[in-house]
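I opened this notebook to record what I looked up in the structure. The entries follow the order in which I consulted it.

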Amino acid sequence: SRVYKTPAPDQYWGFRPDPRPANTVAWELTEAIEEKLIEVFSDRGKDSPKVRQQILREGVPVPIATLAACLAEESNDARLLVVLDALKELADPSIPELFVEVIKSTAVPETMRLTALSYLTADLDEAGESTLLDLAQSMEDGKVLVQVIQHLGSRPRLDCGKYLVDKLQCQDGGVRAAAMRALAVLKHAGVSQQTIGLLNDSDVRVRRAAVFAAGKLGIRSASDRLLQLAADSDRETCRVSLNALRELDQPDAVGQAVVALRHAVTQLAAITYLADHGGPDQLEPLTTIAGKNRSIEVLTKV
């Protein structure tokens, strides 16, 4: 691959040269070398990931058909990642569909499926947003679907409300939590009862998501349960509950906020809540925090 092309005319690079650029000048054997290197690239039994990386680094134009064939046949994580990276750098209307096939395949390792999803969504425009919903509807429950649902929540133009509401009944707690959070971010109306029900879910991830949704959607009927969760032993649940109560302008959690000042995870949420609903009685615990804490953010809020 180093002799695929010859170097351009030499020039002074400066005191500290950049990494050696790929050669740019074709010569009499360039075409033959290119043909052989593409053959090597597609041979899944003999090359290492570094071989494929070197071929791409030298600017050998590996055809999309070859890359697609490698995707369909590859089982090695490192070599598959090289192919995904190569596709990411190309501009072709068929590439999103190739990423979708990788994301949907249960035979592909989860990390590679998530990588393909990140590449798919990085350049997904409004015209291609429906691809995400179609993808979600065709996938099994699990961590990859959780990430897809999170992306649905960031696409307000996409009509995915019914799908997300249906997923609130999913057996997978991670999927239920992701659907609840996405509905909250999208400000989806009509899920108040489901949100209140999920505040008592057996999965802590779902309870946290429901607390987040209660605050974002302004579900004031959830206040009593949120007051209980603001004293929960799970610090993250306590933190999001205080935030939700503040969004609902609920003034009855001052006691829970004072207790939450003792823990690093909940301190900022507690101070922010007390800024809205606290009074002179909370001056002493706040000044105690200021005397012991060196966090600029905490001190500024105090």
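Predicted model: local features only at pLDDT ≥ 70, side-chain atom pairs only at ≥ 80, totals over all residues.

Entry 1, a salt-bridge pair. I began with R57, which is partly exposed at a relative accessible area of 35%; the term covers values between buried, under 20%, and exposed, over 50%, with a 1.4 Å probe and protein chains only. I noted that the side chains of R57 and E58 meet in a salt bridge (3.6 Å, N to O), a term that requires a side-chain nitrogen of Lys or Arg within 4 Å of a carboxyl oxygen of Asp or Glu.

Residues are numbered from 1 along each chain as its sequence is written, and side-chain values use heavy atoms, without hydrogens and water.

I found 14 salt bridges in the structure. E58 also pairs with R20, the closest N and O atoms being 2.7 Å apart. R20 lies in the segment before α1 and E58 in the loop between α2 (49-57) and α3, so this pair ties together parts 38 residues apart in sequence; helices here are DSSP runs of H or I with at least four residues, numbered from the N terminus. E58 is buried, with a relative accessible area of 3%, whereas R20 is partly exposed at 26%.

I then looked up R113 and E140, which form a salt bridge with the closest N and O atoms 3.0 Å apart. R113 belongs to helix α6 and E140 to the loop between α7 and α8, 27 residues apart. R113 counts as buried at 5% relative accessibility, and E140 as partly exposed at 32%.

Which residues of α7 (130-137) are buried? I listed L132, L133, L135 and A136.

I located L248 in the loop between α14 (235-247) and α15 (254-260). L248 is buried, with a relative accessible area of 2%. Leaving out residues up to four places away in sequence, L248 touches A214, G218, I219, R220, S223 and L226, contact meaning heavy atoms within 4.5 Å.

How values were computed
Helix = DSSP H or I, 4+ residues; strand = E, 2+ residues; numbered from the N terminus.
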